[in-house]
Amino acid sequence: MINFRINILLCAALLCVAPASIAEEKAVTVQSILANAPKPDEVEFARQGVAETSIENAWERPCPYNSSRLLTEGSGDFDVDEAALRCRRWQDCKTAGADASRFTEGFFKHHKTGEEIPQQWKNDGEDLAKNDAEFGGGSGHSYNYALKFAEKNWRLFEGRSAGEADKLVKKQFWQWCAVEPLSIWKSKLDD
């Protein structure tokens, strides 16, 4: 009988606590969504077509070209197809920038300690050397450059913390990638 009462009390306590924790989870989700949404000034830069070069640490932010504000507010001559290409390039640059950082650190370790370069990087490098132009549209183009960038710039990790070097690599990679012609990404769609 006592066990039965304890079980009922435990169930009642759980029912009282569960709604509060569910509400907290929803609040955190809404907060994270709002934190990851493009900010008004980022949307304005997108409207002007200069978001890639005007947003500080843009590689850490979501693409503002697909913002609902941009698509719904009087944007006049805003080209929706171009916005999709810009977002594809934005995402590819973010992804390849992270790869560039990882590759650069790998080349740094290789030069400093003799640590082996991963076989996949060697395979990718051989594929690039054989057929650079067919490496896969915008994604392949940026991945290709990430490998070349890392091999050339491994010294960016010298004398810096991993966090500092990571940020520097991503910044330099973004400066190159974010202004690459959209035609590279469009050509892959036309295939």
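These legends describe close-up views of disulfides, a helix and salt bridges in a predicted model. Residues are numbered from 1 along each chain as its sequence is written, and side-chain values use heavy atoms, without hydrogens or water. Local features need pLDDT of at least 70 and side-chain atom pairs pLDDT 80 or more, while totals for chains, interfaces and linings use all residues.

**View 1. A disulfide joins Cys63 to Cys87.** The S to S distance is 2.2 Å; a disulfide is a pair of cysteine sulfur atoms within 2.5 Å. The S-S torsion is about -80°, so the link is left-handed. Cys63 sits in the loop between helix H3 (51-54) and helix H4 (68-72), and Cys87 in helix H5 (residues 80-113), so the bond ties together parts 24 residues apart in sequence. Helices are DSSP runs (H or I, at least four residues), numbered from the N terminus. Cys63 is buried at 9% relative accessibility, and Cys87 is buried at 13%. Buried means under 20% relative accessible area, exposed over 50%, and partly exposed in between (1.4 Å probe, protein chains only).

**View 2. A disulfide links Cys93 and Cys177.** Their sulfur atoms are 2.0 Å apart. With -85° about the S-S bond, this link is left-handed. Cys93 belongs to helix H5 and Cys177 to helix H8 (residues 162-177), 84 residues apart. Cys93 is buried at 2%; Cys177 is buried at 0%.

**View 3. Helix H5 and its ends.** The 34 residues of H5 should span 50 Å, and the end C-alpha atoms lie 49 Å apart, which agrees. The expected span is 1.5 Å times one less than the number of residues. At the N-terminal end, Asp79 caps H5, with a side-chain oxygen 3.0 Å from the backbone nitrogen of Asp81. Gly114 follows H5 and has a positive phi, near 80°.

**View 4. Glu52 and Arg89 form a salt bridge.** The N to O distance is 2.8 Å; a salt bridge is a side-chain nitrogen of Lys or Arg within 4 Å of a carboxyl oxygen of Asp or Glu. Glu52 lies in helix H3 and Arg89 in helix H5, 37 residues apart. Glu52 is buried at 6%, and Arg89 is buried at 6%. The count comes to 9 salt bridges.

**View 5. Glu44 pairs with Arg47 in a salt bridge.** The N to O distance is 3.1 Å. The two residues are 3 apart in helix H2 (residues 40-48), about one helical turn. Glu44 is partly exposed at 34%, as is Arg47 at 27%.

Notes: A polar contact is a pair of N or O atoms within 3.5 Å; within protein, one must be able to donate a hydrogen and the other to accept it, and residues adjacent in sequence count only if both atoms are side-chain atoms.
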